[in-house]
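User: Please go through this model with me by question and answer. I would like the criteria stated along with the values.

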Amino acid sequence: LPSYRALNSAESYRTFFGGGAKWVAPKVSKVECTSQERCNVTVDLGVLVVAPGFGTKPIASTMFETWLKEDGQWWYYHRD
């Protein structure tokens, strides 16, 4: 959202997640809109953990996101 971007730089957002994992083949699997301005999105993906002992195969994972429409544009809603 623009309000989040006004308070947080791209670098601070990136460091929030760290560098120990990498997304592999993310795919939107479901979208449910509760209104014309709010949708809940399910994303299936693999997570490749970059650390000793995790191997080279991605771990299957699912993410649940909320997207909000503001001023005609869709934005990912990030909760701290």
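The turns below cover the fold, the sheet, the core and the disulfide.

User: Which conventions apply to the values?

Analyst: This is a predicted model, in which local features need pLDDT of at least 70 and side-chain atom pairs count only at pLDDT 80 or more, while totals for chains, interfaces and linings use all residues. Residues are numbered from 1 along each chain as its sequence is written, and side-chain values use heavy atoms, with hydrogens and water left out.

User: What pattern does the chain follow along the sequence?

Analyst: Helices (H or I, at least four residues) and strands (E, at least two) are taken as DSSP runs and numbered from the N terminus. The chain has 2 helices and 4 strands. Read in sequence, the pattern is α-α-β-β-β-β.

User: In what order do the strands stand in the sheet?

Analyst: Two strands pair if DSSP finds at least two bridges between them. In general, such pairing goes through backbone hydrogen bonds, either parallel or antiparallel. Here the pairing is antiparallel, and the 4 strands form an open sheet in the order 1-2-3-4.

User: Why is one side of strand 1 and of strand 4 left without a neighbour in the sheet?

Analyst: Strand 1 (21-35) and strand 4 each have a single partner strand, so one side of each has no neighbour in the sheet. The twist averages 30° from one strand to the next, with axes fitted as lines to C-alpha atoms (for helices over the stretch in contact) and angles running from 0 to 180 degrees between N-to-C directions. The reason asked for is the position of strands 1 and 4 at the edges.

User: How many bridges join strand 2 to strand 3?

Analyst: Strand 2 covers residues 38-49 and strand 3 covers residues 59-70, and the two run antiparallel. The number of bridges is 10.

User: Which residue in the turn between strand 3 and strand 4 has a positive phi?

Analyst: Strand 3 and strand 4 are antiparallel and joined by 5 bridges, among them Glu-70 with Gln-73. They form a hairpin with 2 residues between them. Gly-72 is in this loop and counts as exposed because its relative accessibility is 63%, where exposed means over 50%, buried under 20% and partly exposed in between (1.4 Å probe, protein chains only). The residue with a positive phi, about 55°, is Asp-71.

User: Is Tyr-77 buried, partly exposed or exposed?

Analyst: Tyr-77 lies in strand 4 (residues 73-77), and its bridge partner is Thr-66. Its C-alpha atom is 9.6 Å from that of Arg-38, 39 residues away along the chain. Because its relative accessibility is 30%, Tyr-77 is partly exposed.

User: Which residues make up the largest nonpolar core?

Analyst: A nonpolar core is a set of buried Ala, Val, Leu, Ile, Met, Phe, Trp, Tyr and Cys residues joined through side-chain atoms within 4.5 Å. Buried residues make up 19% of the 80 residues in the chain. The largest core has 5 residues: Val-41, Val-43, Leu-45, Val-47 and Val-49.

User: Which cysteine is joined to Cys-33?

Analyst: A disulfide is a pair of cysteine sulfur atoms within 2.5 Å, and by this rule the count is 1. The S to S distance is 2.0 Å, and with 90° about the S-S bond the link is right-handed.
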